[in-house]
Amino acid sequence: MAYDLIVVGGGIAGASLAQRMAKSGARVLVLEQETEFRDRIRGECLQPWGVGEARQLGVADALRTCANEMRWVNFVINGQHAMKRDFVATTPQASGMWAFYHPRAQEALVAAAAAAGAEVRRGATVQHIASGTKPKVKIAQSGGNAEVEARLVAVCAGRNPALRAQVGFQTRRGSIPLFLSGVWVTNLPAEMDPSVAYIANDVVNGTVSALFPQSADHGRAYFGFHPQTCPRLQGNGDYPRFCQEFNRAAGNAIPLGSAQPAGPLASFECVDVWVDHPYRDGVALVGDAASSNDPSWGQGLALALRDARVLSDEMLADQDWAAAGDRYAARHDRHYGTIRTVSGWFYDIFQRLGPEAEARRARALPLIAQDPTRPPDMLFSGPDLPLAPDARARFFGEDTS
């Protein structure tokens with residue numbers, strides 16, 4: 001069977017791409033391995049610039065059905081309140097962060113794709129992708145095997161090295177040595193404000209705690225750490241230690257209270273992994289398949305929606321989808337490169353350990369306290385903001401005599 005577009009992976013990026021292309025009249029097939037989406041401790045905070053991408057893609061309404069908007073963010077440094085920011089008033093998107101339970105958002109988006117006319121096959125495992133002018137995909141399902149072809153295949157299946165390698169993509173890795181643990185929690189205390197995102201950095205130990213409320217009672221809690229300073233947190237037996245480390249890093253300034261785990265607790269290595277120019281020979285990589293930014297400053301969902309929006313923009317503007325794929329890849333390299341650069345600077349200021357990092361913070365943090373515009377705002381307002389030549393110097397306080 002022939003399609004215009006085959007989307008491998010029906011998650012956030014894949015379903016969003018499929019919905020837009022199907023709504024525009026393309027014949028779209030979505031192949032999703034999971035018959036039911038599960039909690040796998042993935043990103044559940046969409047930055048304001050990602051909300052803007054969702055609006056342009058036409059999926060914001062579907063996401064909004066399961067999202068809580070956090071208009072405000074409370075920043076805490078070493079247990080002390082540093083800043084409360086109103087995202088609606090201070091971002092180009094005039095939006096707060098959105099938080100949602102990841103499986104619920106996936107179901108909402110894949111349903112929207114199907115309603116727009118995409119064919120969605122659940123429980124479909126992709127065995128092989130053959131690139132070319134008419135790329136082919138071999139599928140295994142309970143009903144047997146099949147082979148389908150399309151004008152373009154979009155791989156939106158997360159960090160799947162096997163699928164990338166099949167079509168000749170080479171990955172690159174950063175070198176930021178962090179782990180991020182996360183757990184879905186319930187029974188949050190009454191003093192927790194659902195309109196506020198809570199982020200706290202302990203810059204002495206290079207740790208970070210964050211709580212993103214999804215309702216008055218549920219939210220996602222994260223704790224990021226250097227593996228040499230904290231044993232890995234894995235499994236709900238480690239939840240008491242998670243709470244202890246979370247509260248220590250937050251200086252008890254985040255209202256976690258006696259919240260209880262509502263899902264699994266796990267830790268993951270945080271490392272930038274990306275592919276240069278994520279399009280070749282009829283196959284495009286989208287979302288985490290193209291790049292994952294993990295120092296970690298919560299850019300994954302916004303980047304996924306950006307990729308889906310840019311690729312669909314290019315395909316809808318040009319019948320030559322090979323040329324459209326190449327333009328998408330070039331644009332991806334630019335916007336991901338900006339995010340990777342700036343998130344690396346944030347790591348240098350807030351999480352890097354050692355005497356040089358301590359000296360940098362001693363210079364930079366007092367200046368940032370006086371002028372909160374010193375940090376570049378790409379991580380909240382998006383990579384389209386111009387990155388000034390002196391942006392790093394201003395952030396690091398190297399522009400003063």
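Predicted model: local features only at pLDDT ≥ 70, side-chain atom pairs only at ≥ 80, totals over all residues.
Local features need pLDDT of at least 70, side-chain atom pairs count only at pLDDT 80 or more, and totals for chains, interfaces and linings use all residues. Residues are numbered from 1 along each chain as its sequence is written, and side-chain values use heavy atoms, with hydrogens and water left out.

Let's start with the sheet. It is open, has three strands in the order E3-E7-E4, and its pairing is antiparallel. Strands E3 (45–46) and E4 (68–70) sit at the edges with a single partner strand each, so one side of each has no neighbour in the sheet. Strands here are DSSP runs (E, at least two residues), helices likewise (H or I, at least four), numbered from the N terminus; two strands pair if DSSP finds at least two bridges between them. E4 and E7 (residues 97–99) are joined by three bridges, and Asn-68 has Ala-99 in E7 as its bridge partner.

Now over to helix H10 (residues 355–370), where you'll find Arg-360. Its relative accessibility is 10%, so Arg-360 counts as buried (buried is under 20% relative accessible area, exposed over 50%, partly exposed in between, with a 1.4 Å probe and protein chains only). Beyond its neighbours within four places in sequence, Arg-360 is in contact (heavy atoms within 4.5 Å) with Asp-348, Ile-349, Arg-352 and Phe-396.

Last stop, backbone angles. Most residues other than glycine have a negative phi. Asn-78, not a glycine, has a positive phi of about 50 degrees; it lies in the loop between strands E5 (72–77) and E6 (80–86) and is partly exposed at 39% relative accessibility. His-277 also has a positive phi, near 50 degrees. His-277 belongs to the loop between strands E19 (273–275) and E20 (279–280), and is partly exposed at 29%.
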